[in-house]
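Subject: Structure handover

Hello,

Please find the structure below, with notes after it.

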Amino acid sequence: MMPASSMISVEEARDRILAFFERLPVVQRPLLETLGQVVAENVIAPFAIPPLDNTAMDGYAVRAADTVGASEDAPVMLRVTADLAAGYVLDTPVGAGEAVRIMTGAPLPPGADAIVPFEETDEPLRGVNEAPHKAGEVRVFKAAEVAANVRFRGEDVDKGQSVIPAGRVIRPSEIGVFANVGLTEVPVYRRPVVAILSTGDEITAPGEPLRPGRIYDANAQSIAAMAMQCGANVRLLGIARDTVEDLTAKIHEGFDADMIVTSAGVSRGDFDVVKDVLAREGEIDFWTVRMKPGKPLAFGAFHTRDGRKVPHLGLPGNPVSSMVSFELFGRPAIYKMLGRSDWQRRVIRAITRDEVVNVDGRRFYARCIVTKGEDGRYYADLTGPQGSGILTSMSAANGLTIIPEDQSAAQPGDEIDVMLLD
Ligand code: AMP
Ligand code: MG
């Protein structure tokens with residue numbers, strides 16, 4: 001691979017990283033655990049939905065022919081022979097001049113071919129104490145068309161039909177369809193386990209007292225949250241001191257994960273021990289990516305004793321760089337393991353209201369706030385100073401500008417690309 005001195009583009013880095021990942025094996029998972037995962041095989045309906053013709057309204061099941069000519073002035077009188085609730089089946093046919101009082105979802109009794117809703121009968125006119133089903137008869141005020149208010153067997157799904165195709169990303173509506181056909185589990189590509197390790201002598205876990213010169217570990221938490229949002233299961237490996245022993249031991253703890261993500265220790269000023277350990281445990285390359293924030297990046301694989309290769313994404317230490325790098329490289333990797341190809345964020349054209357200066361020939365992902373103006377166009381305002389340690393600005397932003405490598409500035413009023421973050 002490439003020496004650390006030469007810069008590579010974001011696309012090149014991403015392509016190299018993605019080439020390393022495959023989608024993970026298929027597993028059966030309970031419905032509610034599959035949100036955001038990908039259906040691995042076509043899901044076939046074992047029966048029709050709805051399974052029987054049934055009523056879409058509360059009303060009376062009738063023979064439409066019996067109601068011909070009915071009006072408020074000349075109602076048709078029908079004899080009510082039964083009362084049918086949803087969940088029950090009536091085998092006795094509805095004969096000429098008869099009706100069955102029926103509740104939404106109840107199967108249409110044989111002989112009936114239409115439903116007259118309560119509103120088109122004298123039922124609403126009856127007194128509250130007059131039990132309607134005991135009335136024995138009903139006046140119909142309006143002629144019913146054949147099939148009126150009937151939901152037909154199989155109108156949603158035919159038996160044997162694929163209800164959800166392989167490759168579909170599971171949303172709440174897919175989960176509803178699975179449940180509708182009686183499934184409790186579905187085949188999906190397994191969620192990746194992402195192990196997350198912070199490195200650095202100065203890094204302290206939140207909850208511990210903060211000694212002078214130390215800082216709290218923001219990266220493990222923000223990166224874990226991003227990985228979870230992408231659909232991964234995360235495992236926090238804690239914080240490795242900048243010693244060969246500690247870093248080696250902590251990395252080994254992540255060897256059963258599908259990807260190890262470390263933060264810090266990949267830029268030039270670091271103790272060499274970090275890079276040495278990472279390189280010694282596998283084939284790790286240290287890249288310089290033509291982007292800002294987040295120039296240094298490490299990627300490669302650790303080699304386990306049993307001959308496996310565990311991909312390693314080494315993020316820069318600055319909290320904003322770390323998040324932006326994970327967005328651009330970690331997210332696509334997780335999506336690929338999940339079988340998802342829709343990792344690309346939406347990019348819109350927006351008018352910048354600030355000057356965005358981009359002096360050093362890298363692509364500038366400046367944190368910005370995108371709003372829609374009254375003219376229907378999008379506007380971008382920078383969140384303020386763009387230091388890569390200013391994490392609150394990441395919280396304020398809902399987008400990242402994409403100022404190209406070869407563009408030294410965008411002026412107020414210029415239209416620019418903005419990648420939306422949520
Ligand atoms: P490094 O990549 O080790 O040179 O770190 C770059 C900057 O990021 C330094 O100011 C570190 O203190 C800071 N940093 C490294 N790791 C973390 C972390 N886990 N949380 C917050 N800041 C960090
Ligand atoms: Mg460091």
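The notes below start with conventions, then go to the ligand, the backbone and some residue pairs.

This is a predicted model, in which local features need pLDDT of at least 70 and side-chain atom pairs count only at pLDDT 80 or more, while totals for chains, interfaces and linings use all residues. Residues are numbered from 1 along each chain as its sequence is written, chains are lettered from A and ligands numbered from 1 in the order in which they are written, and side-chain values use heavy atoms, with hydrogens and water left out.

Ligand 1

Ligand 1 sits in the largest pocket. A pocket here is an open set of points on a 1 Å grid over the protein atoms alone, where a 1.4 Å probe fits, with protein on both sides within 12 Å along at least five of seven lines. A molecule sits in a pocket if more than half of its atoms lie within 2 Å of the grid points.

There are 16 residues around ligand 1, and E202, D217, S267, D270 and G317 come nearest (a residue is near if one of its heavy atoms lies within 4 Å). By class, this shell holds six nonpolar, seven polar and three charged residues. Ala, Val, Leu, Ile, Met, Phe, Trp, Tyr, Cys and Pro count as nonpolar, Asp, Glu, Lys and Arg as charged, and the others, Gly among them, as polar.

The side chain of D217 has an N or O atom 2.8 Å from a nitrogen atom of ligand 1. Backbone N or O atoms also approach oxygen atoms of the ligand: one of G265 at 3.2 Å and one of N318 at 3.1 Å. Taken alone, ligand 1 exposes 490 Å², and the protein buries 79% of that (Shrake-Rupley method, 1.4 Å probe).

Backbone

Most residues other than glycine have a negative phi, and most peptide bonds are trans. The exceptions listed here can be checked against the model.

The peptide bond from I49 to P50 is cis, with omega near -5°. P50 is in the loop between β3 (43-44) and β4 (54-55); strands are DSSP runs of E with at least two residues, helices runs of H or I with at least four, numbered from the N terminus. K292 and P293 are also joined by a cis peptide bond, with omega about -5°, and P293 lies in the loop between β19 (291-292) and β20 (296-303).

N149 has a positive phi, near 60°, and is in the loop between β9 (137-140) and β10 (150-151). N149 counts as partly exposed because its relative accessibility is 28% (buried is under 20%, exposed over 50%, partly exposed in between; 1.4 Å probe, protein chains only). A264 has a positive phi of about 75°, in the loop between β17 (259-263) and α5 (272-280). With 17% relative accessibility, A264 counts as buried.

Residue pairs

E327 belongs to helix α6 (residues 319-338) and is buried, at 6% relative accessible area. The side chain of E327 makes a polar contact with the side chain of R345 at 2.9 Å (a pair of N or O atoms within 3.5 Å; within protein, one must be able to donate a hydrogen and the other to accept it, and residues adjacent in sequence count only if both atoms are side-chain atoms).

L197, in strand β13 (residues 193-199), is buried at 0% relative accessibility. Its C-alpha atom is 6.2 Å from that of V261, 64 residues apart along the chain.

Regards

Terms used. On a 1 Å grid over the protein atoms alone, a cavity is a set of points where a 1.4 Å probe fits but cannot get out, and a pocket is an open set with protein on both sides within 12 Å along at least five of seven lines; lining residues have an atom within 4 Å of a point.
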